[in-house]
Amino acid sequence: QIHTEMPTNIKVAVRIRPLLTQERRSGQIRSMLESQPEKKEVSLHIEGNNRKTFKLDRVLEEDTDQDGLFRDLQIHSLIGKVVDGYHATIFAYGQTGSGKTYTMEGYEYVSGTDKILRPVLNGDNH
């Protein structure tokens, strides 16, 4: 007998990043996304007044810090399950510059004089 429905425990969350410096410099004043965390929805503004709305398990707004993200998504519990021998995956998806590395690692990178990217920890870029 073939089982077509497999039990899953997949959760989909979106973290909306703040505008980048170059976006603000070019005159962009707001994101193309409108978040409604209480409804667990994100709307993408497209041509004119049209929008496409997505329903998610969790919506994390621009001001969500790393501690809030790890707490809200219960990452510590997931890591505990891995330590106990279970399999787990955290999958970060998005286009270049969307904030995947920052979300997964929690710090920004700066280019040193030797052209090697180094993490900025506690606001120190040395």
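**Exercise 1.** Work out whether glutamate 23 is buried or exposed.

*Solution.* Start with the relative accessible area of glutamate 23, which is 18%. Buried means under 20%, so glutamate 23 is buried. Keep in mind that you're looking at a predicted model. Next, look for a partner: arginine 17 forms a salt bridge with glutamate 23, with the closest N and O atoms 3.0 Å apart. Arginine 17 comes out at 26%, so this one is partly exposed.

**Exercise 2.** Which parts of the chain are linked by the salt bridge between arginine 51 and glutamate 34?

*Solution.* First, check the contact: the two side chains meet at 3.3 Å, N to O. Then place the residues: arginine 51 is in strand β4 (residues 51–55) and glutamate 34 in strand β2 (residues 33–36), distant parts of the chain with the pair 17 residues apart.

**Exercise 3.** Lysine 55 forms a salt bridge with glutamate 41; which strands hold the two residues?

*Solution.* The closest N and O atoms are 4.0 Å apart. Lysine 55 lies in strand β4 and glutamate 41 in strand β3 (residues 41–45), so the pair ties together parts 14 residues apart in sequence. Now the surface: lysine 55 is exposed at 60%, whereas glutamate 41 is buried at 18%.

**Exercise 4.** How many aromatic pairs does a search of the whole structure find?

*Solution.* The search finds one. Phenylalanine 91 and tyrosine 93 sit 6.3 Å apart, centre to centre, with 15 degrees between the planes. Planes under 30 degrees apart count as stacked, so that's the label for this pair.

Terms used:
Residues are numbered from 1 along each chain as its sequence is written. This is a predicted model: local features need pLDDT of at least 70, side-chain atom pairs count only at pLDDT 80 or more; totals for chains, interfaces and linings use all residues. Side-chain values use heavy atoms; hydrogens and water are left out. Rings of Phe, Tyr and Trp (its six-membered ring) pair if their centres lie within 6.5 Å; planes under 30 degrees apart count as stacked, over 60 as edge-to-face and the rest as tilted. Buried means under 20% relative accessible area, exposed over 50%, partly exposed in between (1.4 Å probe, protein chains only). Helices (H or I, at least four residues) and strands (E, at least two) are DSSP runs, numbered from the N terminus.
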